[in-house]
Amino acid sequence: MFEKLLKKSEQGQAIILIAFAMVGLIAIVGLMTDGGILLIEYAKLKRAIDSASIASALQFRRGFTGADLTTAAQEFLILNQSAADNIQVYTCNPDNEINTLHDPELCTVPLRKLIRINATRTIGFGFLRVIGINGTTITASSVGEAASLDLVLVIDTSASMAYETTGSSSSSDPGDDPALCNAAQTCEPLESVKAVALDFMDTMFFPYDRVAIVTMTSQNDNGFRDPYTLLPLSSDETTVRTAIGNIRVYQPPACPSVYGTCRDLCTADEIAAATDNSNPCYNKPVDYYVGEDCPAFRIYGDRSSCTSSNVGGSLEMAGAEFGREPIREDSFWVVIALVGGPANASTGTGNLTDVSPADGYPDDPATFGFCPYNTWNSPVNPPCRDTLESTRHSAGEVDGTGNSIYDADDYARDRADFLADPVDGMGVTVFTIGMGTAGSGLLVNTPKSDPINAGELLLQYIAEEAGDSPPTVTANHGFYAFSPDPSGLASIFSRIAENIFTRLSQ
């Protein structure tokens with residue numbers, strides 16, 4: 001009897017052990033099966049969220065909100081068949097400008113367009129339900145980045161940017177005196193250019209994008225015609241807008257001057273000596289603006305300090321901004337240059353030493369830049385450029401008589417090559433805008449061999465050819481556009497903005 005009860009007890013224990021073993025076996029199978037499914041679903045979610053973070057970052061621009069970024073991520077997850085139960089979007093969010101969650105780890109210096117996407121998804125189990133584990137929640141996180149923009153505006157501020165102030169066709173109209181229109185902020189076409197530039201700032205996403213401003217001439221009263229960095233790269237929108245509003249036309253001192261141009265104003269003696277209307281000071285008040293003069297040209301036959309369109313020097317100064325600390329090598333580097341005529345000035349390489357002859361003027365012909373000797377006092381040749389705009393010379397190249405033939409146009413092209421070259425230069429994308437009418441050097445319908453077309457030829461080269469070394473190197477070119485007056489600038493800047501955004505989104 002006892003032995004029978006013992007055998008029945010052992011049989012009952014075996015059933016229990018087998019039951020437990022079956023549960024354990026199912027748990028092991030469930031762990032392998034459901035665990036595998038879990039890993040597969042996590043990998044799908046992680047791949048999807050990686051792609052979603054990039055898709056969301058590409059929407060990270062001015063005017064978009066946190067909801068837009070979340071929607072972009074959600075749509076991309078659906079396309080990848082990996083819908084999430086919850087999506088959270090994080091940015092540095094310094095000013096809560098797009099209503100996203102704050103992640104201090106994304107607050108780099110300088111700021112970058114970084115977005116962190118967190119997504120969760122609930123995964124239901126099959127086999128593990130046997131041991132009471134119905135499912136779990138997986139979380140994936142990824143950081144995406146859209147390229148930020150570092151932009152340098154190069155603005156022509158030479159005297160021609162005040163020639164339309166009064167609507168007169170003459171460059172010597174008294175209303176075009178830069179001292180007057182700068183004070184009243186009425187210089188035209190400069191003020192119209194500034195208005196379009198301010199509108200263009202609406203396309204920037206501050207403080208993630210940065211803007212610098214280089215003017216082609218100094219910005220102070222009684223200044224000189226050297227290029228000037230009005231504003232280093234700045235991410236502060238108010239600072240940028242203020243700087244644009246403060247741009248001024250080149251305002252040289254009143255005559256006489258030793259070097260450079262000067263504002264020719266009627267003196268009391270000149271007014272007294274004027275006997276008829278053939279004298280511009282006849283019956284005019286003291287300090288009446290007649291135009292600009294360059295005594296150095298009249299006295300010494302040297303135009304090198306008289307010209308003020310230093311396109312090459314301006315591009316060189318613009319390029320220096322991208323090397324300013326902190327350098328953002330991952331941002332998109334862009335220069336937009338608005339120029340009103342051909343290059344006729346370059347950056348000086350000499351000094352002011354006056355030894356032989358001691359005539360009050362520097363001995364070094366390169367003191368004020370590269371200006372071929374045969375153009376100093378020529379009534380035919382353009383100032384500081386040779387007569388054949390299609391020619392290209394190297395620095396130090398001379399003609400048969402030993403005189404330099406390296407001119408302002410050559411210098412501008414050399415500087416543009418370095419700026420745009422992606423291998424041996426800076427790899428900057430350059431957009432050029434030409435403004436001008438008859439005689440400006442920016443006529444679009446004149447023959448390419450005509451020297452009057454020099455400005456257009458140069459600007460086309462800068463935007464569409466500079467930096468290329470066929471067949472191995474092609475620069476990331478912008479484009480050249482022409483507008484005879486400020487009315488066409490808005491559409492040109494819109495094209496540039498769209499072009500830039502397309503590249504940022506790629």
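## Helix pair α4 and α5

Helices α4 and α5 are roughly antiparallel to each other, a term applied to angles over 145 degrees, with under 35 degrees counted as roughly parallel, 65 to 115 as roughly perpendicular and the rest as oblique. The axes of α4 (residues 190-200) and α5 (residues 237-245) cross at roughly 170° and come within 9 Å. Axes here are lines fitted to C-alpha atoms, for helices over the stretch in contact, and angles run from 0 to 180 degrees between N-to-C directions. Helices (H or I, at least four residues) and strands (E, at least two) are DSSP runs numbered from the N terminus.

In this pair, Lys 194, Ala 197 and Leu 198 of α4 meet Arg 241, Ile 244 and Gly 245 of α5, where contact means heavy atoms within 4.5 Å. The contact comprises 3 nonpolar, 1 polar and 2 charged residues; Ala, Val, Leu, Ile, Met, Phe, Trp, Tyr, Cys and Pro count as nonpolar, Asp, Glu, Lys and Arg as charged, and the others, Gly among them, as polar.

## Basis of the model

This is a predicted model, in which local features need pLDDT of at least 70 and side-chain atom pairs count only at pLDDT 80 or more, while totals for chains, interfaces and linings use all residues. Residues are numbered from 1 along each chain as its sequence is written, and side-chain values use heavy atoms, with hydrogens and water left out.

## The six-stranded sheet

The model contains an open sheet of 6 strands with mixed pairing, in the order β7-β6-β5-β10-β11-β12; two strands pair if DSSP finds at least two bridges between them. Strands β7 (228-234) and β12 (480-483) stand at the edges with a single partner strand each, so one side of each has no neighbour in the sheet. From one strand to the next, the twist averages 15°.

Within this sheet, β10 (residues 332-339) pairs with β11 (residues 429-435) in the parallel sense over 6 bridges. Val 334 stands opposite Thr 429 in β11. Helix α11 (residues 489-504) packs on the sheet and touches β5 (149-155), β10, β11 and β12, its direction making about 175° with that of β11. Helix α10 (residues 454-464) lies across β10, β11 and β12 and runs at about 160° to β11.

## Salt bridges

The count comes to 19 salt bridges, each defined as a side-chain nitrogen of Lys or Arg within 4 Å of a carboxyl oxygen of Asp or Glu. One of them joins Arg 112 and Glu 145, whose closest N and O atoms are 2.7 Å apart. Arg 112 lies in the loop between β2 (101-102) and β3 (113-124) and Glu 145 in strand β4 (residues 135-146), so the pair ties together parts 33 residues apart in sequence. Arg 112 is partly exposed at a relative accessible area of 30%, and Glu 145 is partly exposed at 33%. Buried means under 20% relative accessible area, exposed over 50%, and partly exposed in between (1.4 Å probe, protein chains only).

Asp 150 forms a salt bridge with Arg 210, with the closest N and O atoms 3.0 Å apart. Asp 150 belongs to β5 and Arg 210 to β6 (residues 210-215), so this pair ties together parts 60 residues apart in sequence. Asp 150 is buried, with a relative accessible area of 1%, and Arg 210 counts as buried at 7%. Asp 417 and Arg 392 also meet in a salt bridge (2.8 Å, N to O).
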